[in-house]
Amino acid sequence: MGDEAGDDDVASAFGLLVEAHERAPEETERVLRYPSIGCWALYALRSARAGNPAPARLMTGVAAAAAVRAGIPCPPIDDALLLPSLGYAVPGPGGRPRVVRPLSSIRAHGLHLTFDDLDPYAFVPPDAFPANASVLSLRGEELAHWSAMVGEAARILSRDHPDFHPEIREAFSVVVPLATRDGGPLSGSSRRTFGALACTRPDDPVTLAETFVHEAQHAKLSMLTQLVDLIAPDRPATLHYAPWRRDPRPATGLLQGTYAHMGVAAFWDRRRRLAGTRAETEAAHIRFCRWRDAARDTARLIAAEVPLTELGRAFLAGMNRTLDTLAARPVPPSARVTARAQATRHRHRYATP
């Protein structure tokens, strides 16, 4: 990319990055593996090939972050500069970068997560950011709240969900805090920033633990579909009803949502045996039934209407075995009635926007 950028500053930064890698490969790899770097590099490369100037300051920031971590001299900077994985820096003695707004992080119950509320590429490229969301700045009491919620969610996952905890530990290293215009909940992950999870302010640790499970399912399937094709070409692309969305979904989105909610159903199956109060137990029964049935029904729709490859059919068969196992587990009649009513209301809202 340094050769294609056509910019002396980019080329100089690339040289510094090479030097940092030669001196301290492990520390430099920490920067290069940071979720935003791959997203930014792909975006910058595509921009350069389209004849647009590469964002030189971002490349300078990447190289400076690697140099700081590697402990080698960094060229002077003349203004504030974002160092990915570290935070904002300003010119210090001799113009060397001095981090004045470091990123916060937390280690709790096997999870090590950085809260990134600075990097514009930490979740998705800026031009792909959700229209109704913005990054929430974490300071003071807000940071303390997020840290407490993440710490407790990590404890819940480690103690109660040993099947999911190792996957989440490997899948996520960054949390991007979001705010929505309407104050509603939102979460997401992107294959372009593997390792990052974005979500709105968590109200309780159990729901946050569910969000980690949900997004880990998406992350796993995103990586799998980078390696193999599960869905055959569908031209023109057909849109389908999804019982967790207000908008129709293409085949890829439908499969993603089904796989994610299969994991969510398994999460609530476990929670309903661990909930403390009667109200918590009833709520867990309802959520288990709601998402188990939604995932099972949608898996059947995929089998009937979505063109799958041979690998895709085998993958869906494996999903169906898991869903059949969940479907065989009893649910109290009251919870089943409530879950079905919720599904009916969702379908009605979908049909009458």
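Analyst: On a 1 Å grid over the protein atoms alone, a pocket is an open set of points with protein on both sides within 12 Å along at least five of seven lines, whereas a cavity is a set where a 1.4 Å probe fits but cannot get out; lining residues have an atom within 4 Å of a point. The structure is a predicted model, in which local features need pLDDT of at least 70 and side-chain atom pairs count only at pLDDT 80 or more, while totals for chains, interfaces and linings use all residues. Residues are numbered from 1 along each chain as its sequence is written, and side-chain values use heavy atoms, with hydrogens and water left out.

User: What classes of residue make up the lining of the second largest pocket?

Analyst: The lining has 6 nonpolar, 7 polar and 3 charged residues. Here Ala, Val, Leu, Ile, Met, Phe, Trp, Tyr, Cys and Pro count as nonpolar, Asp, Glu, Lys and Arg as charged, and the others, Gly among them, as polar.

User: How many cavities of 30 Å³ or more does a search of the whole structure find, and which residues line the largest cavity?

Analyst: The search finds 1 cavity of 30 Å³ or more, and the largest cavity has a volume of about 50 Å³. Its lining consists of Ser36, Ile37, Trp40, Leu58, Val62, Leu82, Pro84, Asp119 and Tyr121. By class, that lining has 7 nonpolar, 1 polar and 1 charged residues. Helix H4 (35-49) and helix H5 (56-70) each supply at least two of the lining residues, and the largest share, 3 residues, comes from H4. Helices (H or I, at least four residues) and strands (E, at least two) are DSSP runs, numbered from the N terminus.

User: Why is His161 called buried?

Analyst: Buried means under 20% relative accessible area, exposed over 50%, and partly exposed in between (1.4 Å probe, protein chains only). His161 has 3% relative accessibility and therefore counts as buried. His161 lies in the loop between helix H6 (140-160) and helix H7 (165-171). Not counting residues up to four places away in sequence, His161 touches Ile156, Phe267, Arg270 and Arg271, a contact being heavy atoms within 4.5 Å.

User: Why is His109 called partly exposed?

Analyst: The relative accessibility of His109 is 41%, and His109 therefore counts as partly exposed. His109 also has a positive phi of about 50° although it is not a glycine. This residue is in the turn of a hairpin that S4 and S5 form with 2 residues between them.

User: Is Ser85 buried or exposed, and where is Ser85 found?

Analyst: Ser85 is buried, with a relative accessible area of 10%. Ser85 is found in the loop between S1 and S2, and its phi is near 85°, a positive value in a residue other than glycine.

User: How do you know that S4 and S5 pair?

Analyst: Two strands pair if DSSP finds at least two bridges between them. S4 and S5 have 5 bridges in the antiparallel sense, and Ser104 has Phe115 as its bridge partner in S5. S5 and strand S7 (residues 174-180) pair in the parallel sense over 2 bridges, with Val174 in S7 as the bridge partner of Thr114.

User: What makes S5 largely enclosed?

Analyst: Of the 5 residues of S5, 4 are buried, so S5 is largely enclosed by the rest of the structure.

User: Why are strand S1 (81-83) and strand S3 (97-102) said to stand at the edges?

Analyst: The open sheet of 3 strands has the order S1-S2-S3, with antiparallel pairing. S1 and S3 each have a single partner strand, so one side of each is left without a neighbour in the sheet. Strand S2 (residues 87-91) and S3 pair over 5 bridges.

User: What makes strand S9 (residues 196-200) mostly covered, and which residues lie on each side of S9?

Analyst: In S9, 5 of its 5 residues are buried. Ala196, Ala198 and Thr200 lie on one side and Leu197 and Cys199 on the other, and both faces are covered. In a regular strand the side chains alternate between the two faces of the sheet. S7 and S9 pair in the parallel sense over 5 bridges, whereas strand S8 (residues 187-188) and S9 pair in the antiparallel sense over 2 bridges.

Note on methods. Grid points are joined across faces, edges and corners, and a volume is the space filled by probe spheres set on the points.
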